[in-house]
Amino acid sequence: MLRHRNKRSEAAAQEAPARPLHGVNLSGWLVLEPWVTPSLFAGTGAFTELELAGSIEPGCYRDMIERHRETFVDERDFARIAARGFDAVRLQVPWFVFGEDGPMPGPSTGCIGYVDAAFDWAEAAGVSVLLDVAVAPGADAASPASFFGDIGAFRQCMLDVVAELASRYAARENFLGIEPIDEVQGRSRRGLSLVEGVPPHLLRNFYRDAYEALRDAAGTRPVLVLHDACLPDAWRAFMSPARYVNVWLDSHIYHYAESMNAAGPAGVRKLADASSAYVARARKSGLPVMVGEWSSALPLADAGMTPEGRIALERVYTAGQMGAFGGCAGWFFQTWKTEGRLSSWDARVALSSFETGMFD
């Protein structure tokens, strides 16, 4: 049974916030990413955190992880995030966030103390926190059916983590909500070809169970965010406001691997129009739509484009993307910081020339 059932109030609660959120991801902090911190992966041959853990002596790995967690993001970052005009962060956490107290062991010790600190720092800065369970147990080996199916420990582990996180932060005013699993690829057909991924019915069942876990632990206030599985048309009438409270659909919108099909601003306009079209398709679900990840990265430039010209074009593209996301519940740039200050991916660089008011 769902708690606090009130159809009229629930339908109102399903609406997007009056002022869209403008946020940043904290990628590469509590969930390692080689493109964010390449120095941690250099010389190891590893491309993921799980591979990295297996390539280094356990004691050295634990020491390295602790140094990284302690220094890569701190209270000063949250103050700077707020000062730049952002009002939310999307914080990626692994399934083993609770360490030995969690439902399943991971490659390193837990990091729940850093999540606690993030909430404290965010609260002091006036910033909301969206938790994103970004690494799933067995995701590197298990088939979609074995993970998302009704049997098996992996699926239940993720639901337990969602429930524990929700219970821990339910009383925090800056607890925005939880995304129970990040960037899933849904199974679909393109012409006569089958794109492998999670069967949509298994993902829907997982999302329903994650909703119950969140509501039982934290009531109706926190948002449950569902990644669209790269299938923006697959969610019509799913979790309708008549039964479900505060559910948003998350779309990740990138174009760096595409073709501009035209040079200069005309090409940028086509990319921004493609973003607008994607958001419009997702909105047909009836759920508020947020863009959980996007960047300023354009497709590869032609040989005649100068570095200065590319920087100028990326600024135009960034403004176009923001315009495409107008009317969304919010957006989160990918990411707040990178070790190498990647110009198209690091918000400190990519958005440095945009004033706060320009986010709207």
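Thr-335 sits in the loop that links β10 (330–333) to α12 (347–350). In this predicted model, the peptide bond between Gln-334 and Thr-335 is cis. Its omega is about 10°.

## Two alanines between β7 and β8

The loop between β7 (223–227) and β8 holds Ala-229. Ala-237 is found in the loop between β7 and β8 as well. Neither is a glycine, yet each has a positive phi: about 60° for Ala-229 and about 70° for Ala-237.

Which of them is buried, and which exposed? Ala-229 is buried, because its relative accessible area is 1%, and the cut-off for buried is under 20%. Ala-237 counts as exposed, because its relative accessibility is 68%, and exposed means over 50%.

## The barrel

Eight strands form a closed barrel. Their order is β1-β2-β3-β4-β7-β8-β9-β10, and the pairing is parallel. On average, neighbouring strands of this sheet are turned by 25° against each other, direction ignored.

One pairing shows the detail. Strand β8 (residues 247–252) runs parallel to strand β9 (residues 289–294), and four bridges join them. Leu-249 has Val-289 in β9 as its bridge partner.

Helix α6 packs on the sheet. It touches β2, β3 and β4. The direction of α6 makes about 155° with that of β3.

## Helix α6

Helix α6 covers residues 112–125, which is 14 residues. At 1.5 Å a residue, α6 should span 20 Å. Gly-126 follows α6, with a positive phi near 75°.

Which residues of α6 are buried? They are Ile-112, Tyr-114, Val-115, Ala-117, Ala-118, Phe-119, Trp-121 and Ala-122. These buried residues pack against the strands β2 (88–94), β3 (128–135) and β4 (175–179). They also pack against the helices α4 (58–71), α5 (75–83) and α8 (153–169).

## Where α5 meets α6

Two packed helices are described by the angle between their axes and the distance between the axes. For α5 and α6, the angle is about 35° and the axes are 9 Å apart. Their crossing is right-handed.

Which residues make the contact? From α5 come Glu-75, Phe-78, Ala-79 and Ala-82. From α6 come Ala-118, Trp-121, Ala-122 and Ala-125. By class, this contact has seven nonpolar residues, one charged residue and no polar ones.

Methods
Residues numbered from 1 in each chain as written. Predicted model: local features only at pLDDT ≥ 70, side-chain atom pairs only at ≥ 80, totals over all residues. Heavy atoms only, no water. Expected span 1.5 Å × (residues − 1). Buried < 20%, exposed > 50% of the residue type's maximum accessible area, 1.4 Å probe, protein only. Contact = heavy atoms within 4.5 Å. Axes fitted to C-alpha atoms, helices over the stretch in contact; angles between N-to-C directions. Left-handed = near helix turned anticlockwise from the far one by under 90°. Nonpolar A, V, L, I, M, F, W, Y, C, P; charged D, E, K, R; others polar. Pairing = 2+ DSSP bridges.
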